[in-house]
Amino acid sequence: MTGITFMHTGDEHIDSDAHGTLNPLTGRNTAWESNYRVLRHLAEQAVERGVDFFLSAGDNFKTGRPSQEALLMFVEALTPLADAKIPVVLLDGNHHLTGVPADHRTVIHVVAEMLRAKGGTVIIASNPRLIRLDNGAQIAALPWLSKNRVLNELGATTSSAADGDRLVAEYGIRKLEELANEADPGAPLIMASHVTVDHLRIDAVTEGFRRGSELDLAHLFSEPVLPVAELEQLPFQYGALGHIHTPQHFGDRYWYAGSPNRLTFTDMRDEKAGNLVTLSTAGDLLVEKVITPARRMVSIDLEDDGWEQVLDTVAEKDLVQVRLVTGAPEVPREVRKAIAEAGATLADTKARPKPREEVKKVSLPDKVDPMTALRRWAELNAPEGVDPATLIHAAEQLDAAA
């Protein structure tokens with residue numbers, strides 16, 4: 001067969017409403033509308049580029065029970081793919097399991113039926129499986145590894161936390177090995193998973209990488225982590241990863257495309273895009289970033305010397321974060337006015353409380369008479385300009401009068 005080309009994205013969270021407001025013209029949340037636009041852009045670009053399939057590596061919604069409006073928006077965003085008869089591959093992510101009993105179908109089953117009703121071809125993975133497309137491409141799909149569900153399957157629910165993580169990670173690698181062995185070695189083989197891998201860059205500011213808006217650290221430090229060294233031993237020509245919102249890659253073959261939109265200010269410096277992946281017949285890999293019309297976010301630190309220059313760059317529809325001067329209770333009026341006049345939105349304010357002053361400790365015996373206690377207090381805490389002896393003398397006179 002000839003080479004294949006596909007679009008890799010994920011973590012769309014189309015109904016994430018962070019830093020959104022009501023659009024009075026549509027009745028929709030502006031964050032939802034922005035999330036829709038970036039996903040629709042990737043779908044349209046996939047059609048324009050003539051891809052062989054479109055792959056989302058999980059977390060299309062923020063919970064496993066999205067609203068009807070969120071479902072309709074997600075399906076509408078992918079409708080160009082259905083119209084163009086481009087297969088869509090969807091994996092379950094951790095957010096898809098939120099609020100969904102273990103024996104219930106997840107939301108991607110509903111999305112699939114809705115897109116199929118439009119004439120689309122949709123292949124879903126709620127469990128590990130090898131997907132074979134009519135165009136010859138093969139996808140070893142490893143959805144989110146629910147620790148509870150995997151340990152229940154293994155009969156190891158009494159394992160310690162560390163042993164449980166190890167068992168689930170080993171389970172994930174073993175499943176990928178089984179899927180790779182099941183695949184046709186003469187056809188392209190891609191791995192797709194919603195998972196955390198090691199060597200993940202969390203906050204290497206000098207390199208410009210941050211973990212992104214998948215902020216629940218339990219997902220990073222209390223979950224199974226697949227070792228990249230073992231993944232690199234598997235025969236996948238490309239690894240399409242989801243779950244981490246910051247775009248990054250490991251070696252030459254494993255990529256987090258990242259979320260296509262800036263969901264929170266932790267994504268502010270990320271270049272948001274989908275990965276347009278081409279695998280040649282010779283096995284060569286080309287990854288091109290398809291930049292999305294993501295929300296623009298600007299952070300202004302009022303303690304930085306150049307904050308006024310940053311304020312001057314604020315443009316219409318920007319989301320602005322302001323870091324206050326230490327001890328300041330609110331954003332200065334002139335800064336609020338400048339943001340509003342630019343047509344931007346003050347979306348986030350970060351306060352800097354004054355450091356607490358150390359209280360002088362006074363050591364007294366277990367039993368002490370009031371005048372002795374007062375003398376000690378006055379020596380340490382008398383107001384500036386007041387002689388402690390004056391306070392003590394006045395107290396002695398009051399005590400004698402009493």
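Two strands count as paired if DSSP finds at least two bridges between them, and I keep that criterion at the head of these entries, which concern a predicted model.

Entry on the sheet. I looked up the pairing of E15 with strand E16 (residues 319-323) and found that they run in the parallel sense over 5 bridges. Within this pairing I noted that Ile300 stands opposite Val322 in E16. I then followed the sheet as a whole, which is open, is built from 3 strands in the order E15-E16-E17, and has parallel pairing. E15 and strand E17 (345-350) each have a single partner strand and stand at the edges, so one side of each has no neighbour in the sheet. I also recorded the twist from one strand to the next, which averages 25°.

Entry on Arg295. I located this residue in the loop that lies between strand E14 (285-291) and strand E15 (297-301). Is Arg295 buried or exposed? I list Arg295 as buried because its relative accessibility is 10%, and buried means under 20%.

For its surroundings, I left aside residues up to four places away in sequence and found that Arg295 touches Ala18, His19, Gly20, Ala31, Ser34, Asn261, Arg262, Leu263 and Leu319.

Last, I checked a separation along the chain: Arg295 and Pro329 are 34 residues apart in sequence, and their C-alpha atoms are 28 Å apart in space.

Conventions: Residues are numbered from 1 along each chain as its sequence is written. This is a predicted model: local features need pLDDT of at least 70, side-chain atom pairs count only at pLDDT 80 or more; totals for chains, interfaces and linings use all residues. Side-chain values use heavy atoms; hydrogens and water are left out. Helices (H or I, at least four residues) and strands (E, at least two) are DSSP runs, numbered from the N terminus. Buried means under 20% relative accessible area, exposed over 50%, partly exposed in between (1.4 Å probe, protein chains only). Contact means heavy atoms within 4.5 Å. Axes are lines fitted to C-alpha atoms, for helices over the stretch in contact, and angles run from 0 to 180 degrees between N-to-C directions.
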